Amino acid sequence: MRRLMAHPALLAVPLHPLQQRRAVRQNLQFCRQLARLALRSLHQELVLYPKPGLVSLIDNGSHDDMDASTFLRSLFSLRHYFFQIAAAGLKGAPFHHLQKLAIAAEARMLRATGGVNTHRGAIFALGMLCAAMACCRSRKLPLQAEVIRATLLIQWGDALARHSGVNDNSCVGQRSHGQSVALAHAVGGAREEGALGFPAVFEVALPQLQSTLAQGRAPHEARIDALFALMAHISDTNVYHRGGAEGAQRVRQQSAAFLAAGGTGAANWRAQALACHHDFVAHRLSPGGAADLLAAACLVHQAMALELELERGA
């Protein structure tokens, strides 16, 4: 019987029109759920504290041009974008279409914040991951970390690799701070991270998040540990822009020391994280790239959990 059910001729039988419409509705509902998770992940990053050098509900970190209300306005402006890019990923849309959606979302963000860049990196990272996870859904692939990453690279890897190039002198006037820093310090930025399938998300933040949760600590502590793991490992162009190579080294060393002391498993972890926060603020350091990648890891983690819930309810 199992052999019969697995026969290619039976697997290729088209769905009845009613089944097709139901599948379309379910897939679009999944895209809406993904969009809500993306916004929730960005909000979880915003409210996290202590969060060295970064804007939170408690203070503005190392910033004098933005606060929590700026981020909330930005979040509201992105409420349709993540659904749109997930729906595009569901159809396997080409990268240039996803890019247009991201550019439009960035323009809405800048209008909402009065020109302040709050979520440019997140628009790219979380947007591409929403597209990849929706693509998995359309192909009936499981939402597992390695499958999501492979789908992203198979579907859009070549275009992302071309997109990661920052050596085109014709675009010098249009470079972001991150691209300029990547050139000046020979470090990878958000574009290179995307071209490699977000290794910081899948190899650093997500494993740390899962490890802390597996040890019985709360999601808040897991996000703190994941943020420090990212700060210890990545070359954050936001940090290089503000503090140069010396500032970047400072961020990596203090973050690694926090984790080596046990992270949130240490009895005095909150005091250590707060001391790190005050030190980053004193040196005007803001690891915004790590914050974006933390939100991306939270999105992937929660989307995988969502699929498990849907399977149990099926």
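Contact here means that heavy atoms lie within 4.5 Å of each other. On that basis, and in what is a predicted model, Phe198 touches Phe124, Ala125, Met128, Leu129, Leu152, Glu193 and Leu293, leaving aside residues up to four places away in sequence.

Phe198 also belongs to the largest nonpolar core, a set of 88 residues in which Leu126, Ile148, Trp156 and Phe198 have the most contacts inside the core. The largest share of this core, 14 residues, is supplied by H7. A second, separate core has six residues, among them Leu46, Val55, Phe71 and Val116. In soluble globular proteins, nonpolar side chains tend to be buried together.

Helix H7 also packs against helix H5 (residues 81-90), with the two axes 7 Å apart and at an angle of about 40 degrees. Because of that angle, H5 counts as oblique to H7, and the crossing of H5 past H7 is right-handed. From H5, the contact is made by Tyr81, Phe82, Ile85, Ala86, Gly89 and Leu90, while the residues that H7 brings to it include Ala122, Ile123, Leu126, Gly127 and Met128.

Turning to charged groups, how many salt bridges does the count come to? The count comes to six salt bridges, and the table lists some of them.

| Salt bridge | N to O distance |
|---|---|
| Asp64 and Arg284 | 3.9 Å |
| Arg120 and Glu106 | 2.9 Å |
| Asp225 and Arg217 | 3.1 Å |

The salt bridge between the side chains of Asp64 and Arg284 links distant parts of the chain, 220 residues apart, with Asp64 in the loop between helix H3 (17-47) and helix H4 (68-77) and Arg284 in the loop between helix H14 (269-282) and helix H15 (288-313). Asp64 has a relative accessible area of 70% and is therefore exposed, whereas Arg284, at 34%, is partly exposed.

In the salt bridge of Arg120 with Glu106, the partners are 14 residues apart, Arg120 lying in helix H7 (residues 120-138) and Glu106 in helix H6 (residues 95-113). Arg120, at 30% relative accessibility, counts as partly exposed, and Glu106 counts as partly exposed at 23%.

Conventions:
Residues are numbered from 1 along each chain as its sequence is written. This is a predicted model: local features need pLDDT of at least 70, side-chain atom pairs count only at pLDDT 80 or more; totals for chains, interfaces and linings use all residues. Side-chain values use heavy atoms; hydrogens and water are left out. A salt bridge is a side-chain nitrogen of Lys or Arg within 4 Å of a carboxyl oxygen of Asp or Glu. Helices (H or I, at least four residues) and strands (E, at least two) are DSSP runs, numbered from the N terminus. Buried means under 20% relative accessible area, exposed over 50%, partly exposed in between (1.4 Å probe, protein chains only). A nonpolar core is a set of buried Ala, Val, Leu, Ile, Met, Phe, Trp, Tyr and Cys residues joined through side-chain atoms within 4.5 Å. Axes are lines fitted to C-alpha atoms, for helices over the stretch in contact, and angles run from 0 to 180 degrees between N-to-C directions. Angles under 35 degrees count as roughly parallel, over 145 as roughly antiparallel, 65 to 115 as roughly perpendicular and the rest as oblique. A crossing is left-handed if the near helix is turned anticlockwise from the far one by less than a right angle, and right-handed if clockwise.
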